[in-house]
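Here is a short briefing on one protein chain. Look at the structure first, then read on.

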Amino acid sequence: GLGGDQFTGRVAPFVLTLESGSSSGPHDIVHSGHEFVFCLRGQLEYRVEREVFQLSVGDSLLFASQLKHRWKNPGNTVTNALVIISGFAEGERPYATHLKKEE
């Protein structure tokens with residue numbers, strides 16, 4: 001992104017796009033750091049440990065990423081969400097972890 005060369009620290013921002021019914025897959029995701037999610041479009045269901053959060057446009061969620069988490073689009077329209085992962089361990093690639101193809 002713009003200005004990225006001037007930034008030091010571990011922050012991985014990306015936009016998640018989910019078709020209706022798609023998800024992060026059958027397995028929980030766990031990594032170090034913190035995760036911030038902001039729903040831009042559609043609906044997003046985030047499960048963090050045993051708690052389920054239903055996000056609509058304008059809703060956000062912030063949690064410690066070492067908690068087991070996964071998500072899905074429960075709606076019938078495309079969902080877009082801004083995800084910002086910060087403070088992860090050196091050498092970790094949370095971006096890649098989150099964008100693995102569904103199994």
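Predicted model: local features only at pLDDT ≥ 70, side-chain atom pairs only at ≥ 80, totals over all residues.

Residues are numbered from 1 along each chain as its sequence is written, and side-chain values use heavy atoms, with hydrogens and water left out.

**Confidence**

- The score here is pLDDT, the predictor's confidence in each residue, from 0 to 100.
- The protein chain averages a pLDDT of 87.
- A score of at least 70 is reached by 83% of the residues.
- Confidence is highest in strand β4 (residues 51-55), at a mean of 98.
- Confidence is lowest in helix α1 (residues 94-98), at a mean of 67.

**Overall build**

- The protein chain has one helix and seven strands.
- Helices (H or I, at least four residues) and strands (E, at least two) are DSSP runs, numbered from the N terminus.
- Along the sequence, the pattern reads β-β-β-β-β-β-β-α.
- The protein chain has 103 residues, and 34% of them count as buried.
- Buried means under 20% relative accessible area, exposed means over 50%, and partly exposed lies in between (1.4 Å probe, protein chains only).
- A contact means heavy atoms within 4.5 Å.
- Among contacts between residues at least 6 apart in sequence, 76% join residues at least 24 apart.

**How the strands pair**

- Strands of a sheet pair through backbone hydrogen bonds, either parallel or antiparallel.
- Two strands count as paired if DSSP finds at least two bridges between them.
- β3 and β6 share four bridges in the antiparallel sense.
- Glu45 has Lys72 in β6 as its bridge partner.
- Strand β2 (residues 34-41) pairs with β5 in the antiparallel sense, over five bridges.
- Val37 has Leu61 in β5 as its bridge partner.
- β2 also pairs with strand β7 (residues 79-86), antiparallel, over seven bridges.
- Cys39 stands opposite Ala81 in β7.

**The aromatic cluster**

- Which residues do ring pairs link into a cluster? They are Tyr46, Phe63 and Trp71.
- Rings of Phe, Tyr and Trp (its six-membered ring) pair if their centres lie within 6.5 Å; planes under 30 degrees apart count as stacked, over 60 as edge-to-face and the rest as tilted.
- By this rule there are two aromatic pairs.
- Tyr46 and Phe63 form a tilted pair, 5.7 Å centre to centre with 55° between the planes.
- Tyr46 lies in strand β3 (residues 44-48) and Phe63 in strand β5 (residues 60-64), so this pair ties together parts that are 17 residues apart in sequence.
- Tyr46 counts as buried because its relative accessibility is 0%.
- Phe63 is buried too, with a relative accessible area of 7%.
- The ring centres of Tyr46 and Trp71 are 5.5 Å apart and the planes are at 25°, so this pair is stacked.

- Leu16 lies in strand β1 (residues 11-18).
- Leu16 counts as buried because its relative accessibility is 5%.
- Leu16 and Ala81 are 65 residues apart in sequence, yet 5.1 Å apart in space, C-alpha to C-alpha.
- Ser24 sits in the loop between β1 and β2.
- Ser24 is buried, with a relative accessible area of 15%.
- Ser24 touches Ile29, Arg70 and Trp71, not counting residues up to four places away in sequence.
- Glu49 is in the loop between β3 and β4.
- Is Glu49 buried or partly exposed? Glu49 is partly exposed, because its relative accessible area is 35%.
- Phi of Glu49 is near 55°, a positive value in a residue other than glycine.
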